[in-house]
Amino acid sequence: MKLLYFAWLREKIGLSEEDVMLPENLRSVADLVEWLRGRGPGYQAAFAQTKLVRCAIDQDFAQADSSIAGATEIAFFPPVTGG
Amino acid sequence: MPRIIVQQKDFDTGAELARLNAGDVGGISSFIGVVRGEGKITALHLEHYPAMTERALMKIADEAMARWPLSDCTIIHRVGTLHPGDNIVFVAAASAHRDAALRATAFLIDWLKTSAPFWKREDFVGGDTAWVAAREADEAVAAAWVK
């Protein structure tokens with residue numbers, strides 16, 4: 001699965017994107033975040049405050065309880081600030 | 001068909017408004033967002049999610065077209081590095097009547113602020129730089145449009 005990171009999540013993790021093999025027991029975005037937190041201090045810092053993290057699954061906004069089954073691209077980013 | 005553009009360069013507001021004056025249009029409304037410097041910001045960097053941005057903007061435009069009798073609408077958002085006084089975003093709506101055009105324009109910019117994947121980072125006088133935090137007030141304004 002392809003993971004993308006934007007804005008300060010990208011800076012804290014130190015990557016804009018990566019391909020990962022996920023354990024099969026991950027079901028939701030929240031499960032994925034929990035798994036990512038275990039990958040190192042950059043990830044821990046990025047996902048320290050989950051209320052400041054938003055997500056998109058295959059380019060559509062998603063929620064913490066959204067299923068990640070069948071997803072090919074999941075993006076994490078702060079609340080948007082365009083306009 | 002809404003016109004959706006994400007680009008680094010500036011837009012020509014006159015040409016964009018003229019383009020909406022077609023068919024049986026009775027009014028064209030627009031909003032232009034400008035980079036605000038407040039005497040402390042030297043530059044603004046706009047990051048976005050290229051694979052998603054145009055799709056998210058098209059959803060906002062389609063929603064406006066569904067809610068009001070518009071003949072057409074336009075969303076243009078700039079990305080990259082901008083400076084105080086630069087145009088950053090253009091939204092416009094054309095309709096037979098002003099009420100639809102005006103309300104749709106407000107909707108377009110209100111929803112864009114909370115529903116399109118853009119992130120701003122500001123450079124300050126003195127060299128500091130910081131990501132702009134989302135404003136709860138923007139969320140509340142956008143939420144007011146939820147049916």
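This is a predicted model: local features need pLDDT of at least 70, side-chain atom pairs count only at pLDDT 80 or more; totals for chains, interfaces and linings use all residues.

Me: Why is Ala7(A) called buried?

Reply: A residue counts as buried if 20 or more other C-beta atoms lie within 10 Å of its own; Ala7(A) has 24 within that distance, and is therefore classed as buried. Ala7(A) belongs to helix α1 (residues 7–13) of chain A, and its phi, near 55°, is positive although the residue is not a glycine.

Me: What makes Gln59(A) partly exposed?

Reply: Partly exposed residues are those between the cut-offs, with exposed meaning 12 or fewer neighbours and buried meaning 20 or more; Gln59(A) has 19 C-beta neighbours inside 10 Å, so it falls in the partly exposed class. Gln59(A) is placed in the loop between β3 (54–57) and β4 (60–62) of chain A, and it too is a non-glycine residue with a positive phi, of about 70°.

Me: How do you know that the radius of gyration of chain A agrees with that of a compact globule?

Reply: For 83 residues a compact globule would have a radius of gyration near 12 Å, and chain A has 12 Å, so the two agree. The C-alpha trace of chain A spans about 35 × 30 × 20 Å along its principal axes, and 30% of its 83 residues count as buried.

Me: Which strands stand at the edges of the open sheet in chain B, and what makes them edge strands?

Reply: The sheet has 4 strands in the order β5-β3-β7-β8, with antiparallel pairing. β5 (80–82) and β8 (129–131) of chain B each have a single partner strand, so one side of each is left without a neighbour in the sheet. Between β7 (residues 118–124) of chain B and β8(B) the antiparallel pairing runs over 3 bridges, and Arg121(B) stands opposite Trp131(B) in β8(B).

Me: How many residues of each chain are in contact with the other?

Reply: Here 20 residues of chain B are in contact with 13 residues of chain A, where contact requires C-beta atoms within 7 Å. The largest share of the side of chain B that touches chain A, 4 residues, comes from α3(B), and that side divides into 13 nonpolar, 3 polar and 4 charged residues.

Terms used. Residues are numbered from 1 along each chain as its sequence is written. Chains are lettered from A and ligands numbered from 1 in the order in which they are written. Two strands pair if DSSP finds at least two bridges between them. Helices (H or I, at least four residues) and strands (E, at least two) are DSSP runs, numbered from the N terminus. The radius of gyration is taken over C-alpha atoms; the globule rule is 2.2 Å times the number of residues to the power 0.38. Two residues are in contact if their C-beta atoms, placed from the backbone, lie within 7 Å. Ala, Val, Leu, Ile, Met, Phe, Trp, Tyr, Cys and Pro count as nonpolar, Asp, Glu, Lys and Arg as charged, and the others, Gly among them, as polar.
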